[in-house]
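Please read it with the structure open.

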Amino acid sequence: METCAERLVVEDGVVAGAELRLADGARMRARAGSTLIATGGFQGDPELRTAHVHPRAGDMQLRSNSSSRGGGYRLATQVGAATGHDDAGFYGHLIPSGVSFADPADFVDLSLYYSEHALLLNVLNDRFVDETLGDHLTAMALLEQPESRGLLIADARGFRDWVVGSYVEGAVAVDKFALAGKRGGRVGLAEDLEELAYLPEEWGYRGEAVRDAVKLFNEDAAAGLEPVPGRQLDRLPLDEPPYYVIETVPAITFPFHGVRIDDRARVLRGDGEPLHGLLAAGSDTGGLWHRAYAGGIASALVFGLTAADTATATTTATTTPTAARTRASRATD
Ligand SMILES: Cc1cc2nc3c(=O)[nH]c(=O)nc-3n(C[C@H](O)[C@H](O)[C@H](O)COP(=O)(O)OP(=O)(O)OC[C@H]3O[C@@H](n4cnc5c(N)ncnc54)[C@H](O)[C@@H]3O)c2cc1C
């Protein structure tokens, strides 16, 4: 970034622009009736993630741009902006453990969306979440499990229909299992259920307990019993060998903790009143998503346009009296 906004200018409780540092080191003050915070969140800052997402969130891999490092969040909170809840969660997906993202194409190619049709066991060899509700929700739940890692197990049906089958209609399917193996991830193929007992010891799971957990799930599913935890959507047993095993960890796209706004995209103060002159949109906002998610583009688009409406409405409302005052003062000169 060539020009950096160092701090917001506040006059009589109203944000009136920002102090900028230019590429050559020179500083200037930009005056504005409305200032928009839209720097895309703080996922690129491990310290903010640790403070406001989860104590282990700083260690997560980033499946997003690294330039969103909380610049807007800091500017806004320095002048008293209210923020969302620390337990709001984050948008992200499961990825193979031990694989570094080398290219933005990895963000999608290595996201294990198919977890909704697989079983996820933690390091204690237990299921702990309804995997079928959404890979992004499962990623949040895994962060909170011991060591924030787990084993994702799919059978041949899951692999055929949801890994090498196209997950979203029209999208090119990527064999994530093969790719994760090629990139050094922990992957294993068990020819049948019994072979699940022979997981590499150094992975730190008890193979027999893993095998028994899958067996128990299958028995419950075949008998029409509700497994624990329950599964609202795909309730079929994983009874078609071979079994595809990947060790997985959560990766973050952006946090849900951000700057609070109202329905006119005005940043709020701690007392719930607008911090006049300051607007925010997109992934810098907080309080919109809480352990749920319906699209980051939506909050960027909706509140970006709303902020433009608010800014132009403010301009119209403030220029008219100023122009009237100017005219009035000239008339009395
Ligand atoms: C792989 C991937 C897939 C996704 N898929 C979907 C999807 O299918 N549907 C969906 O709705 N959403 C999706 N998203 C999320 C969506 O793309 C984002 O939530 C959305 O783009 C955020 O918009 P924004 O304007 O808040 O931030 P951005 O679009 O990230 O823009 C913020 C900009 O601010 C710049 N910036 C950062 N700090 C500063 C600073 N201090 N000063 C000046 N500029 C700064 C950044 O460089 C960036 O250019 C996906 C994201 C990723 C990474």
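1. Basis. This is a predicted model; local features need pLDDT of at least 70, side-chain atom pairs count only at pLDDT 80 or more, and totals for chains, interfaces and linings use all residues. Residues are numbered from 1 along each chain as its sequence is written.

2. Domain contacts. Domain 1 puts 15 residues in contact with 16 residues of domain 2. Contact here means C-beta atoms, placed from the backbone, within 7 Å. On the domain 1 side, the touching residues are six nonpolar, five polar and four charged. Ala, Val, Leu, Ile, Met, Phe, Trp, Tyr, Cys and Pro count as nonpolar; Asp, Glu, Lys and Arg as charged; the others, Gly among them, as polar.

3. Largest core. The largest nonpolar core has 53 residues, and Leu152 and Ile153 touch the most other members. Strand β10 (residues 243-255) gives the largest share, eight residues. Domain 1 and domain 2 each supply at least three residues to this core. A nonpolar core is a set of buried Ala, Val, Leu, Ile, Met, Phe, Trp, Tyr and Cys residues joined through C-beta atoms within 7 Å. Buried means 20 or more other C-beta atoms within 10 Å of the residue's own, exposed 12 or fewer, partly exposed in between, with C-beta atoms placed from the backbone.

4. Ile153. Leaving out residues up to four places away in sequence, Ile153 touches Ala118, Leu119, Val214, Leu238, Tyr243 and Val245. A second, separate core of 22 residues includes Val15, Leu36, Val267 and Ala307.

5. Strand β10. Of its 13 residues, 13 are buried. Strands are DSSP runs (E, at least two residues), numbered from the N terminus. Two strands pair if DSSP finds at least two bridges between them.

6. Partners of β10. Strand β5 (residues 61-62) runs parallel to β10, with two bridges; Leu62 partners Ile252. Strand β6 (residues 90-96) is antiparallel to β10, over seven bridges; His93 stands opposite Ala251. Strand β8 (residues 150-154) is antiparallel to β10, with five bridges. Strand β9 (residues 187-190) is antiparallel to β10, with four.

Definitions and conventions
Domain bounds come from an automatic or database domain assignment. Two residues are in contact if their C-beta atoms, placed from the backbone, lie within 7 Å.
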